[in-house]
Amino acid sequence: MKNSIKIKQAFSVDRTTFQDIFFIPILAISLAISLGLLLLLLTGESYQTALTALIALFVGSFGSVSALSETLTAATPLIFAALGIAIGFRAGLFNIGAEGQIIVGGLAAVIIGFSVELPLMLHLTLMLSVGAAFGAGYAFISGWLKAFTGAHEVITTIMLNLIAFRLLDFFLRLPFIQKEGRNDPISKSVLDTAELPRLLVLIDPNLRIHAGFLLAILAVILVYWIIFHTTIGFEFRMVGTNLNAAKYAGVNSSLTIVLAMSAAGLCAGLAGASQISGVLGRATSGFSAGIGFDAIAVALLGRAHPIGVLFSGILFGALVAGGREMQVSAGVSLDLITVIQALIIIFVAAPILVKSIFPWFFGKK
Amino acid sequence: MKLNTILKLASGAFAGLLLATVNSANAFTACQVTDLGGVDDKSFNETAWKGVQDAVAKHGIDSKILESKDGTDYEPHLNSMVGAGCDIIVAVGFLMGEATQKAAEANPDSMFTIIDFAYNPTIPNVLGQVFATDQAAFLAGYVSAGVSKTGIVGTFGGINIPPVTGFMDGFAWGVSHYNKVKGKNVQVLGWDPAAKEGLFTNNFDSLDDGRAFAQNLYDEGADIVMPVAGPVGLGSASLADELGSDKLKIIGVDGDWTVTDPARKGVYLTSVMKNMDATTLSVIEMAKSGNFSGGLTVGTLENGGVGIAPYHELSSSVSSDLASEVEALRKGIISGSIKMN
């Protein structure tokens, strides 16, 4: 109990919120997985297949070093992007544009990655910063539109996503960027000095976990500090809680909205850059792979709290890695994982539903 | 019921299930990683998977499959298959070229075969399977030019990569061969083999795009369309199905679409077949019997690696003269007496 008290203090929340933060996601996950398996049985699979699938989900995500490495590799860009979305949530902004910001940041990063020659650390730093800056710049557009014209950020970010997809296709075909000898949209490969080092190559060269994960943890700490221990973070939260009250209290709400949106884009841009630098090595037309949309779910599941985002990001990474193993060893379609993810979101978004299914986990109010 | 009893029953059942799920790991296992579009694309991935399934049926081996949703999946999927103890790994698709090379070099003891990619120099544990689809598409182009009433035929592709544009090249060359022989002027929309530019959906999964692209070509006057984008073409086929095959006919690719998509069999004039199932089966057999070696196999009209499907439902629209001309062309290409471009 001592530990949990400490955790409670760290989160500075009361008992009911504590239950909300810990029990609801865990129960939501269990419910979602159970329903997913039930669905599997309903489609005519045998109970053995369902059980193999369940075991594979765990073994494939946490059951070995390579499984863990895959989980964390998949979690890294999700954590970055979801941190950005969490910042947005705190400031009352619903940023659907992480996907576009990932694309723009990743594209800028890949260009720095293959076109500039610098020593390792410098090159990496430059590439990641440029990726972050471009992601921030792309999100700035939505922030500015929201603050100064009142255009709703949900609309503008969705539209900017569509523009980013086409921009990517266009840029990847420019001779300066396109890989030599190819006609399809694919960029040149980044130089070795622009690759985030893989952490466990000494154990096994197939292990893909890279230094980006460490950066993601740093980002979690930094965002936590900004949101809860700085003036600007306080202003984000004020604007998010009650815009009018914030204005009355003297907060420059326009500036705060622009800043929050840009910070969100910065994180998404980092997600794109670290994915290019640590995993892909080049950009192709689908390199963002829906990370920006999954990250919305990650941020929701993490309750827009940096620590929550860290864990929910790892959970979603585990679903990716475990889902792959499910497909390999149980022959279950990867689509089931998508269903489970969606169910998790539904249950997290409907806490009262979870509470009414498992009343005995929650104290009376 | 008492909670205890339930728990006991549950844990007993659980243990029993655990034991039951332990597989015999000794069997030879062939594994496939599909490209974008899914294994049920009635086309590219499905044809290759059929080769694996044929091997399962014939030799009683085990099989595993991983479907790629996007390009970022290739590397981890291939690694997973190595980790799952696969004896041979079938990588389906040109786009997987670099990921397969990486996996093969990191795991020199595993055997790989990749469709549509030729390594230069070759890798000792990878067998590339490439196909002269332009030869078969040439025949389809010729037959389309002969059947078209509007004098306009069309094609579009998924992505501008050689395994896709090979089809489109052959198709366009076949049409121009027809024009040369007959003194006609049948036009090809959607692909210029000289400039290497044309119509592309930039994906391998949107049936809506398949419908829209076919609609555009139809609006421009084309009455026969060859979609080279896996399942995307099924969208084109449903448009043709609604319009009626007298207004729009479809040329299938990779497999015989009249067979794989019987619901719309009335719209397929023919299919440009790339018999990946046969080559994949034979590669698996080589691996199983210990005769595997890296390098390259090329499927041609001559060795049956590529070909065109029967005209099936629409055979009445292909005159017997045209059919025999196509047959003569086939022989001419095999003997080398006919130059395609």
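A crossing of two helices is called left-handed if the near helix is turned anticlockwise from the far one by less than a right angle, and right-handed if clockwise. With that in hand, hello everyone, and let's look at a pair in chain A. The crossing of H5(A) and H11(A) is right-handed.

Before going on, some housekeeping. This is a predicted model, where local features need pLDDT of at least 70 and side-chain atom pairs count only at pLDDT 80 or more, while totals for chains, interfaces and linings use all residues. Residues are numbered from 1 along each chain as its sequence is written, and chains are lettered from A and ligands numbered from 1 in the order in which they are written. Helices (H or I, at least four residues) and strands (E, at least two) are DSSP runs, numbered from the N terminus.

Back to our pair. Helix H5 covers residues 98–115 of chain A and helix H11 covers residues 253–280 of chain A; their axes come within 7 Å and cross at roughly 50 degrees. Axes here are lines fitted to C-alpha atoms, for helices over the stretch in contact, with angles running from 0 to 180 degrees between N-to-C directions. H5(A) and H11(A) are therefore oblique to each other; angles under 35 degrees count as roughly parallel, over 145 as roughly antiparallel, 65 to 115 as roughly perpendicular, and the rest as oblique.

Who touches whom? Two residues are in contact if their C-beta atoms, placed from the backbone, lie within 7 Å. On the H5(A) side the contact residues include A:Gly105, A:Gly106 and A:Ala109, and on the H11(A) side they include A:Gly269, A:Ala271 and A:Gly272. The contact of H5(A) with H11(A) divides into 11 nonpolar, nine polar and no charged residues. For the classes, Ala, Val, Leu, Ile, Met, Phe, Trp, Tyr, Cys and Pro count as nonpolar, Asp, Glu, Lys and Arg as charged, and the others, Gly among them, as polar.

Now please turn to chain B. Its domain assignment gives domain 1 (29–131 + 277–299) and domain 2 (133–274 + 311–335), the bounds coming from an automatic or database domain assignment. Taken over C-alpha atoms, the centres of these two domains of chain B are 28 Å apart. Their contact takes 13 residues from domain 1 of chain B and 17 residues from domain 2 of chain B. On the domain 1 side, helix H2 (residues 44–59) of chain B gives the most, with three residues.

Next, the sheets. In chain B, an open sheet of six strands has the order S2-S1-S3-S4-S5-S13, with parallel pairing; strands pair if DSSP finds at least two bridges between them. Strand S2 (62–66) and strand S13 (295–299) of chain B stand at the edges with a single partner strand each, so one side of each lacks a neighbour in the sheet. The twist averages 20 degrees from one strand to the next. Helix H4 (residues 97–106) of chain B packs on this sheet, touching S3, strand S4 (111–115) and strand S5 (126–131) of chain B, and its direction makes about 170 degrees with that of S4(B).

The loop between S4 and S5 of chain B deserves a stop. B:Pro121 lies in it, and the peptide bond from B:Asn120 to B:Pro121 is cis, with omega near 0 degrees. B:Asp116 is in that loop too; its phi is near 75 degrees, a positive value in a residue other than glycine.

A second open sheet of six strands in chain B has the order S7-S6-S10-S11-S12-S14, with mixed pairing. Within it, strand S6 (residues 152–157) and strand S10 (residues 224–228) of chain B run parallel, joined by five bridges, and B:Gly154 stands opposite B:Val225 in S10(B).

Finally, where do the chains meet? The contact takes 22 residues from chain B and 25 residues from chain A. On the chain B side, the largest share, five residues, comes from H3(B). That side divides into eight nonpolar, nine polar and five charged residues.

One helix pair spans the two chains. The axes of helix H13 (residues 306–330) of chain A and H3(B) come within 11 Å and cross at roughly 45 degrees, and H13(A) passes H3(B) in a right-handed crossing. Their contact is made by A:Arg324, A:Glu325 and A:Val328 of H13(A) with B:Pro76, B:His77 and B:Ser80 of H3(B). By class, that is two nonpolar, two polar and two charged residues.
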